[in-house]
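Here is a short note for a colleague who has not seen this structure before. The points can be checked one by one against the display.

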Amino acid sequence: MLRILGWLLVLPVVAGGAWAQPAPAERVEAVWAAYRSLEYDAAERKALDALEADEDLSDPQAAQLYEVLGLIAYLRDDTDAARRFFETALALDPALALDPLLVPPKILDFFAEVRRGWQAVPRRPPQVVHITDPRAEAALRSLLVPGWGQRYKGEAARGTLLMGAWTATTAAALAAHLRADALHDDAPAGPDAPTRDGQGWRTARNVLLAGGAALWLYAYVDALTGAVPTRERRTAVRVVPGRGSLRLSLRRTF
């Protein structure tokens, strides 16, 4: 029991380190670092993973990833794929320009040709919307630490209140448990000696544990079913390239 209570108190401290993901800028830089090192397979894999998994990429950052994919495709003599990647990059960032220090002249000429063809065709603004619902991941976080999921959804005040109440309740239960054990150890021996078994402290411990469990359940259900706070909506195009194919990703960020 004591070990379990100790772990429950440690969870809020370590929770902030879990699910840590690299920032979008770091993911893009890692792709470029692999490309500059001529590790084309690694650069392609990192770019695809970033496009498939990272919801916080800005349009210019996503355009850079498509740019790298286009460069790699051209170097592999797959000009059709390179053209598609470059066109997607231009759709995301029409001002995109290749770095002549990193790109051979023949690719610069090819990209200029793609840009001319892309600009010659009238195009409507991108209409693909990205949709995400954070409640599933929020519920998982609140299952580990009550309140963590609410903070993940953007409900900082509610999440902090739940996390603080659960931590305080668990800490109080631990203190009551220790006090009950101390009274039991200090009780005089003998069949006729007065007992000091700390029954009241054990009762308080059980009540506090029940309260902590109720907070835990409430935080999980609230994270799973509660409304998502309204935040700024961002609309962008993501034609996510799979390995060997292209697919549309429909996603909306709240």
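1. Asp77 is in the loop that links H4 and H5. Its phi is positive, about 65°, although Asp77 is not a glycine. Most residues other than glycine have a negative phi. Asp77 is also exposed, because its relative accessible area is 70% and the cut-off for exposed is over 50%. Please keep in mind throughout that this is a predicted model.

2. Leu38 is a second case to look at. Its phi is near 65°, again a positive value in a residue other than glycine. Leu38 sits in the loop between helix H2 (24-36) and helix H3 (40-53). With a relative accessibility of 59%, Leu38 counts as exposed.

3. For orientation, the protein chain has 10 helices and four strands. Read from the N terminus, the order of elements is α-α-α-α-α-α-β-α-α-α-α-β-β-β. Of the 254 residues in the protein chain, 37% are buried. Among contacts between residues at least 6 apart in sequence, 67% join residues at least 24 apart.

4. Helix H5 covers residues 79-92. Its 14 residues, at 1.5 Å a residue, should span 20 Å, and the end C-alpha atoms are 20 Å apart, so the two values agree. The buried residues of H5 are Ala81, Ala82, Phe85, Phe86, Thr88, Ala89, Leu90 and Leu92.

5. Ala62 belongs to helix H4. With a relative accessible area of 0%, Ala62 is buried, since buried means under 20%.

6. Helix H6 takes in residues 105-120. Ile107, Phe110, Phe111, Val114, Arg115 and Trp118 are buried in H6. These residues cover an arc of only 140° around the axis, so they are on the same side of H6. The face turned away from that buried side carries the exposed residues Pro105, Lys106, Asp109, Arg116, Gln119 and Ala120.

7. What do the buried residues of H6 pack against? They pack against helix H4 (59-75) and H5.

8. Two packed helices are described by the angle between their axes and the distance between the axes. For H5 and H6 the angle is about 60° and the axes are 10 Å apart. The two helices are therefore oblique to each other. H5 passes H6 in a right-handed crossing.

9. Which residues meet where H5 and H6 are in contact? On the H5 side they are Thr79, Ala82, Arg83, Phe86, Glu87, Leu90 and Ala91. On the H6 side they are Ile107, Phe110, Phe111, Glu113, Val114, Arg115 and Trp118.

10. The last point concerns Thr169, which is placed in helix H9 (residues 156-186). Is Thr169 buried or exposed? Thr169 is buried, because its relative accessible area is 16% and the cut-off is under 20%. Apart from neighbours within four places in sequence, Thr169 is in contact with Leu208, Gly211, Gly212 and Leu215.

Key: Residues numbered from 1 in each chain as written. Predicted model: local features only at pLDDT ≥ 70, side-chain atom pairs only at ≥ 80, totals over all residues. Heavy atoms only, no water. Expected span 1.5 Å × (residues − 1). Buried < 20%, exposed > 50% of the residue type's maximum accessible area, 1.4 Å probe, protein only. Contact = heavy atoms within 4.5 Å. Arc of directions from axis to C-beta. Axes fitted to C-alpha atoms, helices over the stretch in contact; angles between N-to-C directions. Parallel < 35°, antiparallel > 145°, perpendicular 65-115°, else oblique. Left-handed = near helix turned anticlockwise from the far one by under 90°.
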